[in-house]
Amino acid sequence: MTNTLSYKKIFLFWVPLAITWLMMSIEGPYLSAIIARMGDPKYNLAAYGISFSFALIIEAPVIMLMSAATALVNNSDSYKKLKNFTYILNTVITLFMLVILIPSVFDFIAVDLIELPAEVVGITYWALAALLPWPAAIGYRRFYQGILIRNNKTRFVTAGTFIRLVTMSITALVLYFKFAFPGAVVASLALSMGVSAEALASKLMSLTIVKKIKTIKAIEGKEELTY
């Protein structure tokens, strides 16, 4: 008997992913609302927008790791190779971000090229520094999210994003009430903490699946996955 694909199965598979993206879309307005209630909101909102744009550019190479993992991870060999590829890619983009954070390099980009106002430059630098864990955490969690999606565990992806929002909220509120950081830095730290928690949760929720994948050997005669 064949396992037919029905509209009900498609819907139940899709709904958690739709909820995930809906929750992620809340992040921007939510963090902006926090920044707007802190000191110098005009400069901090500008700085956060610029630093987040930088982070998006830097993380671009890892965005499709979820699709790659969904498509490719089906045995121990493919799991190991794509995991190694993910780690290498995460290392490269983190090093690239560190290069951008060298003061002379950052000043060249922010001041000479973009010509940011002096009031925004310093805040942008520290907001971007607070986002240093962001790109690698994104790559790490998207790798494991792809494995979850391939194995029909889309609800776990939603659970991970919920953990991300809760962690982000707690971090933002603690920094808001207890520390005198600029609003843009508070938002960036909250975002980094949230996505790091989501990455760890994605790994933990996929442990059982990964354990099973590691027992599956590549089919002899079938083209081996290479780097």
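Buried means under 20% relative accessible area, exposed means over 50%, and partly exposed lies in between. The model used in these exercises is predicted.

**Exercise 1.** Determine whether Thr 124 is buried or exposed, and list what Thr 124 touches.

*Solution.* 
- Step 1: Locate the residue. Thr 124 sits in helix H6.
- Step 2: Read its accessibility. The relative accessibility of Thr 124 is 0%, so Thr 124 counts as buried.
- Step 3: List the neighbours. Leaving out residues up to four places away in sequence, Thr 124 touches Ala 47, Ile 50, Ser 51, Phe 106 and Leu 116.

**Exercise 2.** Classify Leu 95 by its relative accessibility.

*Solution.* 
- Step 1: Find the helix. Leu 95 belongs to helix H4, residues 76-100.
- Step 2: Apply the cut-offs. Leu 95 has 48% relative accessibility, so Leu 95 counts as partly exposed.
- Step 3: Val 210 is 115 residues from Leu 95 along the chain, and their C-alpha atoms are 28 Å apart.

**Exercise 3.** Work out how helices H6 and H9 are oriented to each other, and describe their contact.

*Solution.* 
- Step 1: Take the geometry. The axes of H6 (residues 118-130) and H9 (residues 183-205) come within 8 Å and cross at roughly 10°.
- Step 2: Classify the angle. Angles under 35 degrees count as roughly parallel. H6 and H9 are therefore roughly parallel to each other.
- Step 3: Name the residues. H6 contributes Ile 123, Trp 126, Ala 127 and Ala 130, while H9 contributes Ala 184, Val 185, Ser 188, Leu 189 and Ser 192.
- Step 4: Sort them. Seven of these contact residues are nonpolar, two are polar and none is charged.

Key:
Residues are numbered from 1 along each chain as its sequence is written. This is a predicted model: local features need pLDDT of at least 70, side-chain atom pairs count only at pLDDT 80 or more; totals for chains, interfaces and linings use all residues. Side-chain values use heavy atoms; hydrogens and water are left out. Helices (H or I, at least four residues) and strands (E, at least two) are DSSP runs, numbered from the N terminus. Buried means under 20% relative accessible area, exposed over 50%, partly exposed in between (1.4 Å probe, protein chains only). Axes are lines fitted to C-alpha atoms, for helices over the stretch in contact, and angles run from 0 to 180 degrees between N-to-C directions. Angles under 35 degrees count as roughly parallel, over 145 as roughly antiparallel, 65 to 115 as roughly perpendicular and the rest as oblique. Contact means heavy atoms within 4.5 Å. Ala, Val, Leu, Ile, Met, Phe, Trp, Tyr, Cys and Pro count as nonpolar, Asp, Glu, Lys and Arg as charged, and the others, Gly among them, as polar.
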